[in-house]
Amino acid sequence: MQTSVYDKQNFFELYQKIRANPISLNNIVEKPTMLSLLPDLTGKKLLDLGCGMGEHLALYLARKADFVVGIDLSLAMLQQAEKNLADFTPHFSLYPLAMEQLDQFKETDFDVITSSFAFHYVQDFPQLLSPIYRKLKPNGRLIFSQEHPIVTAYQGGERWEKNKQKQQVAYRLNYYRDEGERDRSWFKQPFKTYHRTTATIINNLIQAGFQIEQMAEPMLADQPEWQAEFKDLQHRPVLLFIKARKIA
């Protein structure tokens, strides 16, 4: 049975402490960019894949979505999401499922399907796109963020080339073309992510029947007040955002 790293002892508590920080990549970069890609949500039905603690679902309901659904493998995440969304009852549903189990999920006819910071955990991206396509209404949108392929490419060695002052001057991409599994660790917990090039991601979407409408690679060029806090973004994007339409 597939389990989530977020349900391991003490891991979820450590994760919550990080997310409580208002000056984070999620709050400064990810959420504003995702929200900028959304269509008008008034009266719409949305599905969020890897919904976590339900933060995006709450933002969708605040934008007058009629009903939202979240799925996540982590029971700890879903328990917290239930609390975070209590004021929006009965306009939401939550299901303990991995994204790869989307075919077991019976609801359909979604106007928008989203996923935040999660698709790099998926081994078989084309296989995931098939049920996403089926569950969207004609002309429905898929909007997602994931770790940028520049980031997921890393396999070992030094990530950065640095100058004599130990300042980061270039990000190494020597494994970029080598797609596949990556072994990772966070809070001393091992887990796996999967690297695909940007071309592979785009071609997978096109082959699944989607039309690319917009992409974003935020690096805070227009927000110099945050550049000292997020020094990495001066040299390369951390996240890739894609908005795609189901071709009717």
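Predicted model: local features only at pLDDT ≥ 70, side-chain atom pairs only at ≥ 80, totals over all residues.
Which residues of helix 1 (residues 11-19) are buried? They are Phe11, Phe12, Tyr15 and Arg19.

Residues are numbered from 1 along each chain as its sequence is written, and side-chain values use heavy atoms, with hydrogens and water left out.

**View 1. The buried side of helix 1.** Phe11, Phe12, Tyr15 and Arg19 are the buried residues of this helix. Buried means under 20% relative accessible area, exposed means over 50%, and partly exposed lies in between (1.4 Å probe, protein chains only). The four cover an arc of only 90° around the axis, which puts them on the same side of helix 1. The arc is that of the directions from the helix axis to the C-beta atoms. These residues pack against helix 2 (25-37), helix 3 (55-62), helix 4 (75-84), strand 8 (180-186) and strand 9 (189-195). Helices (H or I, at least four residues) and strands (E, at least two) are DSSP runs, numbered from the N terminus.

**View 2. The largest nonpolar core.** A nonpolar core is a set of buried Ala, Val, Leu, Ile, Met, Phe, Trp, Tyr and Cys residues joined through side-chain atoms within 4.5 Å. Of the 30 residues in the largest one, Tyr60, Val68 and Leu94 touch the most other members. Helix 2, helix 3, helix 4, strand 3 (92-96) and strand 11 (239-246) each supply at least two residues of this core. Helix 2 gives the largest share, six residues. A second, separate core of 28 residues includes Phe119, Ile132, Leu205 and Phe210.

View 3. Contact means heavy atoms within 4.5 Å. Not counting residues up to four places away in sequence, Tyr60 touches Met34, Leu38, Leu41, Leu46, Asp48, Ala65, Val68 and Thr114. Leu94 lies in strand 3. At 18% relative accessibility, Leu94 counts as buried. Again not counting residues up to four places away in sequence, Leu94 touches Cys51, Leu57, Gly70, Leu78, Ala81, Glu82 and Leu85.

**View 4. The second largest pocket.** On a 1 Å grid over the protein atoms alone, a pocket is an open set of points with protein on both sides within 12 Å along at least five of seven lines, and a cavity is a set of points where a 1.4 Å probe fits but cannot get out; lining residues have an atom within 4 Å of a point. The second largest pocket has a volume of about 160 Å³. Tyr154, Gln155, Arg159, Glu181, Arg182, Asp183, Arg184 and Ser185 line this pocket.

**View 5. The largest cavity.** Its volume is about 40 Å³. Among the residues lining this cavity are Ala153, Tyr154, Glu158, Arg159, Arg172 and Tyr175.

View 6. Thr197 is found in the loop between strand 9 and helix 7 (198-207). At 13% relative accessibility, Thr197 counts as buried. Leaving aside neighbours within four places in sequence, Thr197 is in contact with Pro149, Tyr176, Arg177 and Glu179. Thr3 is found in the segment before helix 1. At 61% relative accessibility, Thr3 counts as exposed.

Methods: Points joined across faces, edges and corners; volume = space filled by probe spheres on them.
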